[in-house]
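User: I am new to reading protein models, and I would like to learn how features are picked out from one. Could you take me through an example, step by step?

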Amino acid sequence: MVQFIIRKIAAGLVVLCAISFLTYFLLYFSSSNIARNILGEYASQEQVAQKETELGLDQPLPARFLDWAGHSITGDFGRSWFTGEPVATAIATRLPITLTLVIAAILLIAVLATVLGMAAAVKRGWIDRVVQTGAIVGDAIPGFVLAIILVTLFAIQLKLFPATSSIAPDAGASAWAASLTLPAIALVINGVTGGAQQVRSAVIKQLERDYVRTLRSRGIPEREILFKHVLRSAAPTGLTVLSLQFIGMLGGVVIIEQIFALPGIGNLAVQSTTMGDIPLVMGVVLYTVVIVIIVNLLVDLINGWLNPKVRVS
Amino acid sequence: MKFGPKAAGAAIFLSAALALTGCGGGGSATGSGNGGAATTSLTIAELGDLPSFDPVDAHIGHTMPYYQAVYDTLLIREADGTISPMLAAEKSWNADNTVLTLKLRTDAKFTDGTPVDAAAVKANLDHFQQAKGRDVYQVASMASVAVVDPSTVAITLSTPDPAFEYYLTQAAGFVASPKAIGTPGIKTDPVGSGPYKLDTASSVKGSQYVYTKNPDYWNKDLQKFEKVTIKSLPDITARTNALVSGQIDGALLDPKTGKQAEGAGLVLTKSEVDWHGILLYDRDGKINPEMANVKVRQAINYAFDRKTILDQQFLGQGTPTSQVFGPDSGAFVADLDNRYSYDPAKAKQLLAEAGYPEGFTLKIPTMAGFEALNAVYSQQLSDIGINVQLESVPQANYVGDMAAGKFAAATFQLYQGEPWVAINQMISTSALYNPFKSTNPEIAALVEEVHVGGENSSELAKKVNTYVTENAWFAPLFRLNQMYYTSKKITVEPQLQQAVPSIYNYAPAK
């Protein structure tokens, strides 16, 4: 078990290094005019040259990357080139918002998808048809269209929720809830349908299996069969879908954050990338990759716990 | 794919959702503002965040209100452009306009208790010059600052600067407490003498800044609210939603989103700040020899149907023009505004006279946001025989590439400032938007007249305007409207030549 975790983490670190270098490599080519963008249109050529030396832009690519990597390993991610804010602070203030949103959405999706998927698989009939129809609609509508519909309906016309949110550090839980509800709903509608479909298919397949017939013939109540046995077998599929959705959501949340003006990681990623603020972009990429690795590891562990056949000995 | 019941159900669901939201936003207008006390708080949105509260990071245009709330400037620019006393109660120039003496008011204090005195002003101006922030060009002509007595400062310029008083109403004029200058804390905790104080506990960097009334402020007339909140909403959809749902009282929109705001009962305040067109940089023919011929450049000016483009691309929000100087700049020449009509035949004739009856090829850059416009411009230029090649440039590199002289011409939009500001922006040999440093004895002499013109600078700039328009240094197309929408709870006056109103221009509606 411990070996398994160590191996996964090692693999994750390799991925981290590869992605870091790849990202840095791509950003390198866009950084030719950074100094001028930072200093503004009216800076003189000498000022621009001075800034370039200060930021290390005149160094060759490997030297710059190793310099950044060396600092990052010690925890020093540098400062934003444009605002001077430490990268770690910028991310630390924004990550909680995105993570809260995404985790809340994922938990809701997990619960709803399981309930809907199982209801569809077991009851069939009209529930099944509703779930399947909803799947088409939910998958087809892009996240940002949903977000706009939700904002227009609930925030502007019905005025039940705020249209944009600035979640101040001292805002209470109710302010957080009010701000994150509509974005979370947008994410959930998009994701729950795919998840419900997967759960439904997996559960249907399990219900056709021999062991279910055996359990029924032994007189075990249907509910116990469903929740204790079938769900455990259907779980791996569902969890895989869920983890994929979580990772996809980290990227997809960008547009949602733009529309609701949430000060989250997505917004930071967009702004720093368009401006070419390399320390910030690298910081965002790093944190995202780490989160993805952790999520993958957790999913593997949960899968292993639920289903002994999956465990690697 | 068969359209069975499932697809039909999906279609019905989707159209129902859209229909619900399509129900016009009319009638849900934000606070009618009558039958109750006037509002005591102001919430507005800006297009972006400010880099930091250090005055050296201040920049003209959109981010000014963030600083104006906490810092006073040495002089204040009224909404109509008049320069009036602020921290400097009196000002006087010497005979050759190289020494500006400011007598400071004695009752202004920073929020940390230190008085606003000559030493503080000197510390600020020196720091602004040394820190080389984005707007350091504003003090380019400043040679030294002397403390004459505790409430008098004498600023010596190395050369006359017709725009210097204007700069003292902008970034260069912000005065922060000398104890805070140079400390890292000033970036997040401004210490100024302005009408409001920053409430750091409720502010979130990159998202919103909350200011509360400064109880010791010396000018109660400028304090119209108890609380001011400025949100950073770069996305125009978010901005529109916030405005229409009543979350904010004012924001800048564009012609298309403006319609939604109007439907919701918001009030439009229009002002022309920018001119938009094609800058014909290559007047010496370094990249395109053809462009060195004035007839070629004039031909380009005759090629565009300004009115139609304005109506189609900007829903008519603006005024066609042929000159780069604005109506309120003092260098405006009314007759020049329609100097170049839409006349493709004349354009072709001019090209033939210049020796290019078959036209020529011109490469210009394009970036996100200009694609549709550049497509139209290419079309209209090809109608007179000029084959346009568009080269896509990343947005972040656009200004840099233009400034590096990579292109003979480029589509762009610039704000129309005071004449000396505009000349240094795009006409003088050191101007950023004159990458090939085009000049000749005639224009150099006219520019120099403005330089030393003192109070007549603006009037003398008319000659510069006439020269660059007749010689087609640019192909101006139109002046564009800034469309500022406000709720009925507040009133606002546009600020001359500034992208957004100054913080002083807002007031509660009666």
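This is a predicted model: local features need pLDDT of at least 70, side-chain atom pairs count only at pLDDT 80 or more; totals for chains, interfaces and linings use all residues.

User: How do I judge the length of a helix, and what should H12 of chain A span?

Analyst: The expected span is 1.5 Å times one less than the number of residues. Helix H12 of chain A (residues 278–306) has 29 residues and should therefore span 42 Å, which agrees with the 42 Å between its end C-alpha atoms.

User: Which residues of H12(A) are buried, and what covers them?

Analyst: A residue is buried if 20 or more other C-beta atoms, placed from the backbone, lie within 10 Å of its own, exposed if 12 or fewer, and partly exposed in between. Of the 313 residues of chain A, 37% count as buried, and in H12(A) they include A:Ile278, A:Pro279, A:Leu280 and A:Tyr287. Two residues are in contact if their C-beta atoms, placed from the backbone, lie within 7 Å, and what covers the buried residues of H12(A) includes helices H1 (2–28), H4 (61–73), H5 (87–123) and H11 (265–275) of chain A.

User: How many residues of chain B are in contact with chain A?

Analyst: In chain B, 41 residues are in contact with 41 residues of chain A. Helix H1 of chain B gives the most to the side of chain B that touches chain A, with eight residues. The residues of that side divide into 17 nonpolar, 17 polar and seven charged, where Ala, Val, Leu, Ile, Met, Phe, Trp, Tyr, Cys and Pro count as nonpolar, Asp, Glu, Lys and Arg as charged, and the others, Gly among them, as polar.

User: How is a sheet read, and in what order do the four strands of the open sheet in chain B stand?

Analyst: Two strands pair if DSSP finds at least two bridges between them. The four strands of chain B form an open sheet in the order E5-E6-E8-E7, with antiparallel pairing. E5 and E7 (142–149) of chain B stand at the edges, each with a single partner strand, so one side of each has no neighbour in the sheet.

User: What lies between E5(B) and E6(B), and which face of E6(B) is covered?

Analyst: E5(B) (residues 88–93) and E6(B) pair over five bridges and form a hairpin with five residues between them, where B:Asn97 in the turn has a positive phi of about 60°. In E6(B) (residues 99–104), B:Leu100, B:Leu102 and B:Leu104 make up the covered face, whereas B:Val99, B:Thr101 and B:Lys103 make up the uncovered one. On that uncovered face, B:Lys103 stands opposite B:Glu90 and has B:Thr152 as its bridge partner in E8(B).

Methods: Residues are numbered from 1 along each chain as its sequence is written. Chains are lettered from A and ligands numbered from 1 in the order in which they are written. Helices (H or I, at least four residues) and strands (E, at least two) are DSSP runs, numbered from the N terminus.
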